[in-house]
Amino acid sequence: MELEALLESEYPIQVSNVSKRYDQFVAVDDISFSVRRGTIFGLLGPNGAGKTTTIRMIMNIIVPDSGTISILGKPSTDAASRVVGYLPEERGLYRKMKVLDHLVFLGEIRGLPVKESRKRSEAWLERLSLTQWRVKKVEELSKGMQQKLQFIGCVIHEPDVLILDEPFSGLDPVNARTFKDLFMEMKQNGKTLVLSTHVMEQAEKLCDEIGLINRAKMVLQGSLAEVKNRYSGNRLFLQGRGDVSRLQAIPGVLAVHGTEGAVEIELARDLSRSEFLRIATTQFEVESVVPHEASLDEIFVEVVGGPVEGLGEEEVA
């Protein structure tokens, strides 16, 4: 298959029934997911759940015990993984090198001619407000600046697929916003991103689809909209005036929380919201109605529950 055809593949990354074990510890247990082209896929889960191990298998850094992984329609090999932009959780920079020299070197590793690598490096340094640091040694940069440098190395060869493992680690709110804007811009330009994080707020703002890993297993998967709808339940927030106890007496109302003015109503799934409101407006002066939407953080807590037991990934991968 020609490269052009591969780049048009609907699912640039496909992970099928992949497992990885270290002695008696199961790091990844029969995980499957596909990443749709031109989307941001959130690989989510608590620390130690199996996210980084999964990413390292995609990048062919470690080999799965079973299952298959394909990148752009081909098996995950060193050659296939080189077409991906990869930002690892553990940052790997040469601290004694000068910033610009380091980026030019990373571009050369990715197959760019020196002149082109320098041109792109200069442009990215200017864009991320690092130009004044171009002749400084890497070790002189703050942690956030080093994260920017690592990111430039990830995208300097203009890959169509990016895998970002905890990309917001160590960033202040301003730089985190810069990264979010960059990710959204890349998606709008047709790039495909896999974003690994345990911070649900980030995933909720960025991701089109998610896969939630807990204790080495994929426990939740789907589009963000579908997942949120599944866990939001049949609940409404009402603002108005009247006797709240009358709302509780409506058939199909499971619970009423709050007092006059602001009330949360939980409905049985077989009671439509329109039917409830038809009855409620005869009992209560309704001023506004807002359907409840579960946050990804709420869903995470409900699905994952308590802390992950066992070894963390950094101890085994």
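Which residues in α6 meet which in α7? Select Q147, K148, F151 and V155 in α6, then N175, F179, L182, F183 and M186 in α7. Contact here means heavy atoms within 4.5 Å.

**Before moving on**

This is a predicted model: local features need pLDDT of at least 70, side-chain atom pairs count only at pLDDT 80 or more, and totals for chains, interfaces and linings use all residues. Numbering runs from 1 along each chain as its sequence is written, and side-chain values use heavy atoms, with hydrogens and water left out. Helices (H or I, at least four residues) and strands (E, at least two) are DSSP runs, numbered from the N terminus.

**Stop 1: α6 and α7**

Stay with this pair. The contact of α6 with α7 divides into 6 nonpolar, 2 polar and 1 charged residues. Ala, Val, Leu, Ile, Met, Phe, Trp, Tyr, Cys and Pro count as nonpolar, Asp, Glu, Lys and Arg as charged, and the others, Gly among them, as polar.

Now show the axes. They are 12 Å apart, and the helices pack at an angle of about 10 degrees. Axes are lines fitted to C-alpha atoms, for helices over the stretch in contact, and angles run from 0 to 180 degrees between N-to-C directions. α6 and α7 are therefore roughly parallel to each other. Angles under 35 degrees count as roughly parallel, over 145 as roughly antiparallel, 65 to 115 as roughly perpendicular and the rest as oblique. α6 passes α7 in a left-handed crossing. Left-handed means that the near helix is turned anticlockwise from the far one by less than a right angle; right-handed means clockwise.

**Stop 2: α4 and α6**

Select V99, L103 and L106 in α4; they meet L149, I152 and G153 in α6. By class, this contact of α4 with α6 has 5 nonpolar, 1 polar and no charged residues.

**Stop 3: the largest pocket**

Select Y86, L106, I109, R110 and Q150. Of the 19 residues lining the largest pocket, these lie nearest its centre. A pocket is an open set of points on a 1 Å grid over the protein atoms alone, where a 1.4 Å probe fits, with protein on both sides within 12 Å along at least five of seven lines; lining residues have an atom within 4 Å of a point.

The volume is about 470 Å³. Volume is the space filled by probe spheres set on the points, with grid points joined across faces, edges and corners. Colour β6 (84-87), α4 (99-109) and α6 (143-155): each supplies at least two lining residues. α4 gives the largest share, 4 residues. The lining divides into 11 nonpolar, 5 polar and 3 charged residues.

**Stop 4: the second largest pocket**

Select W124, V155, E158, M186 and K191, which lie nearest the centre among 13 lining residues. The second largest pocket holds about 230 Å³ of space. α5 (114-127) and α7 (173-188) each supply at least two lining residues. α5 gives the most, with 5 residues. By class, the lining has 6 nonpolar, 1 polar and 6 charged residues.

**Stop 5: α9 and α12**

Finish with α9 (residues 224-232) and α12 (residues 296-304), which pack at about 65 degrees with axes 10 Å apart. That makes α9 roughly perpendicular to α12. α9 passes α12 in a left-handed crossing. Select L224, V227, K228 and Y231 of α9, with L296, I299, E302 and V303 of α12, to show the contact. By class, it has 6 nonpolar, no polar and 2 charged residues.
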